[in-house]
Amino acid sequence: MAEPVAGPGLAEAERVELTVGAVAPGGHCVARVDGQVVFVRHALPGERVVAEVTEVHRGFVRADAVTVLEASPDRVEAPCPYARPGRCGGCDLQHVAPPAQLEWKAAVVREQLTRLGGLDDAELDLLDVRVEALPGGPLGWRSRVRYAVDAADRAGLLKHRSHEVVPIDRCLIAHPAIQRLPVLPPSGARWPDAEAVETVASSGGDVTVTAVAEGVATEVEGPAVVREVAAGREWTLPATAFWQVHPAAADTLVGAVLELVDPRPGETAWDLYGGAGLFAAALAGRVGDAGRVTLVEASAQGVAAARENLRDLPRVEVVAARVETAFARRRVTGPVDVVVLDPPRTGAGARVVRELVAARPRAVAYVACDPAAFARDVRTFAGLGWRLAAVRGFDLFPMTQHVELVGLLLPPD
C-alpha cells in the first residue's frame, strides 16, 4: 500500500505501512514516513508493519503496530491478552523474546549515553554496556501493583498514555500472591470509595491490600506495616512506602554498589536519597565502627523507616531534608570517601553534582532508574573532570521498557 504524505494528511486513527527502525526510549521504535518521524509501539527493529496513528504532534507522530507483515525473529506471542494495542499500557515489550528485551534496553542506554551523555564510540566500547537478567523469569515478579479504579468501581490498569482504565482478570507480571487476591472484576470486587487499590506481596511473606482515595488509605486488608528481607537484614516499613518491586532487586543493587565503590574500614560515606536505608546499612557494614555514614532523605515516610530500621547502627546519621537543602544548610559536609547517589527519575541535577564534586569523594555509585537523567548527570560530571568508569544495567522490570543502572563515577587521576 502507498505511504501517505507527511504533514496534515497524516491524521489520528490513520493506518500506514512502514518499515521499523531502531529502538527508542519509552518502549518505541523509530520509523519514518516521507521524512516524518513515527514512534511505533508493539513493533521490533526491521519489521514491516501496518501502524495506526494514535497521536499527532508537531514534528512527530505516535503509532501502534496493528498488523505485522514481516516479523522479526525476536518476535514472540505476548503471553498476556491485555498487552495489545489499545489495551493495557503497563507492559511495553511482551512481544519481544526475553534475551532481545535485554539487548533492546542496552541499546537505549547506549543511545542516551551518546546523545545526552556526550560519550563517544571509544568510551562506549570500554564500558561494554549490557543489561543483566534477574532470577525468577519475566512473569510473576512484581511485588507491588497499583490498580486504578474506573467509573464502575472496578479495578484495572491504565491504557498507554491515558487515564482510561482497562478492567482485567489478572496481571501476569504481578507476584503470584497478588494474582490470587480478590481485587479484580472476576472476583466480584468493587471499590466505590477508592481511586486506586495498592497491593503488596513482601519478601517477608506479608500480603496487603490498601484502597486509596485522594492519597489517603480508606481501607486496609492485611498488615499496614510489612517486612522485607534484603542485605542480610529484615526491614519493616509501611505497605505504602517505597521499596523495590522486584524481589531480587534490593540485593542485586546492593551487591553492585558495594562491588563498584568498595567501601573500606574507617571511611566516611554518604547515602543520598537514601529512603529506608538499604544502601546506608550496607555501607555501614563495610566502613565498620571507625567509619561514618550519613543518609539524606526528604520523604517523612522514608526518614521514619530509616530511623526505625537502622537503630542498631549508631554510626549512621539520618538527615531529614532534600539533598539540595542539606548541602545548602550544611547538614551534610565533606570531606567524604564514597557516595551512593540514588535520585528520583528526574536525576540528581547539576547543583547536586557540583556539591558532590566539591566534597572530593574517591568514588560515586550512581543508581539510576532513568537512562536519560543518568546520561545528563554523567555529562555534568564530565564537565567537572570526572569520568564514567563503569556501568551495569539490570532488568528489574521485565516485559517493560524500564531498566535500572548502577554507574561508577571517578574523579580525575
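Strand β20 gives the most to the lining of the largest cavity, with 3 residues, where helices (H or I, at least four residues) and strands (E, at least two) are DSSP runs numbered from the N terminus. The model is predicted, so that local features need pLDDT of at least 70 and side-chain atom pairs count only at pLDDT 80 or more, while totals for chains, interfaces and linings use all residues. Residues are numbered from 1 along each chain as its sequence is written, and side-chain values use heavy atoms, with hydrogens and water left out.

**The cavity**

- A search of the whole structure finds 1 cavity of 30 Å³ or more, a cavity being a set of points on a 1 Å grid over the protein atoms alone where a 1.4 Å probe fits but cannot get out, with lining residues having an atom within 4 Å of a point.
- The largest cavity has a volume of about 40 Å³, and its lining includes Pro343, Arg345, Tyr366, Cys369, Asp370 and Phe374.
- β20 (363–368) and α9 (371–383) are the elements that give two or more residues to this lining.
- The lining divides into 8 nonpolar, 1 polar and 2 charged residues, with Ala, Val, Leu, Ile, Met, Phe, Trp, Tyr, Cys and Pro counted as nonpolar, Asp, Glu, Lys and Arg as charged, and the others, Gly among them, as polar.

**The second largest pocket**

- Of its 14 lining residues, Pro25, Gly26, Gln112, Asp370 and Gln401 lie nearest the centre.
- α1 (98–115) and α9 each supply at least two lining residues, and α1 gives the most, with 4.

Terms used
1 Å grid on protein atoms, 1.4 Å probe; cavity = no way out; pocket = protein on both sides within 12 Å on 5 of 7 lines; lining within 4 Å. Points joined across faces, edges and corners; volume = space filled by probe spheres on them.
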